[in-house]
Amino acid sequence: MATESNPATIRDTNEPHQTLISINVTAQAPLKLTSTNYLSWKLQFQTLFIGYDLLGYIDGSKPCPPATLTQSNTTRPNPSYILWIRQDQLILNAVIGSISPTIIPFIAQATTSRQAWTILANTYAKPSRGRIKQIKHQLKNTTKGSLGVTEFMQTIKTRADDLALLGASLDEEEITDKILDGLGDDYKELVRAVQARDTSITFEELHEKLLNFEASLQSILLSTEQLLAAFNIS
């Protein structure tokens with residue numbers, strides 16, 4: 001049931017039997033669109049649009065009805081048109097609320113949710129040599145650094161997915177190589193072990209092994225700190 005803090009439906013004051021769908025961006029679409037996560041951002045909205053039966057507004061299968069109706073030589077406003085406009089603006093508002101401020105200017109001229117959706121798709125999902133080159137450069141320069149294993153691997157996977165969306169897919173071994181290249185010296189023993197395998201390793205298996213290795217490193221670091229503390233060495 002809808003609540004004031006998390007509304008799902010709004011009654012149409014002009015047509016009480018009709019309802020409008022309101023998306024709570026904070027609760028239902030928390031991932032904000034940036035220049036590097038279009039695929040994940042799109043997925044969260046597509047599931048909502050399908051679930052609420054709103055996909056037609058952005059894919060064009062539910063076009064805007066005529067603004068007026070004419071019957072017996074009398075023209076009057078079309079209630080369906082007014083309802084469509086209001087629902088479409090609620091969708092557009094949700095999209096705007098779920099993108100980074102730096103991206104909003106891209107859709108500033110959009111007047112419908114479909115226009116905004118199409119602009120974003122053309123900007124971030126349309127294959128172009130420049131876009132593919134940009135993502136490959138980002139992928140090449142992605143290193144674990146201070147990131148946790150899971151965050152690091154998610155970053156690699158997100159950029160690999162973006163390349164796949166643009167028609168420049170990497171195979172599983174290439175993704176594995178990107179991960180191993182970005183791990184750093186602390187993981188060199190594990191890197192050598194993975195590279196020495198006769199069979200390729202899956203993304204999921206590599207993730208598990210890296211998590212275990214990360215836990216071992218943290219345990220060693222903690223033991224060292226406790227030892228130094230015991231001898232008052234800083």
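What pattern does the protein follow when read along the sequence? In this predicted model, the order of elements is β-β-α-α-α-β-β-α-α-α-α-α-α-α. The protein has 10 helices and four strands. Of its 234 residues, 32% are buried. Among the contacts with a separation of 6 or more, 56% join residues 24 or more positions apart.

The mean pLDDT of the protein is 87, and 70 or more is reached by 87% of the residues. Over residues 1–7, pLDDT stays under 50. For residues 1–7 the model has eight contacts beyond four places in sequence. Where pLDDT is low, the predicted coordinates should not be read in detail.

The packing of one pair of helices was examined. Two packed helices are described by the angle between their axes and the distance between the axes. Helix α7 spans residues 149–165 and helix α8 spans residues 172–181. Their axes lie 10 Å apart, and the helices pack at an angle of about 140 degrees. Angles over 145 degrees count as roughly antiparallel, and α7 and α8 are therefore oblique to each other. The crossing of α7 past α8 is right-handed. On the α7 side, the contact involves Phe152, Met153, Ile156 and Ala160, which meet Ile175, Lys178 and Ile179 in α8. By class, this contact of α7 with α8 comprises six nonpolar residues and one charged residue, with no polar residues.

Note on methods: Residues numbered from 1 in each chain as written. Predicted model: local features only at pLDDT ≥ 70, side-chain atom pairs only at ≥ 80, totals over all residues. Heavy atoms only, no water. pLDDT = per-residue confidence, 0-100. Contact = heavy atoms within 4.5 Å. Axes fitted to C-alpha atoms, helices over the stretch in contact; angles between N-to-C directions. Helix = DSSP H or I, 4+ residues; strand = E, 2+ residues; numbered from the N terminus. Parallel < 35°, antiparallel > 145°, perpendicular 65-115°, else oblique. Left-handed = near helix turned anticlockwise from the far one by under 90°. Nonpolar A, V, L, I, M, F, W, Y, C, P; charged D, E, K, R; others polar. Buried < 20%, exposed > 50% of the residue type's maximum accessible area, 1.4 Å probe, protein only.
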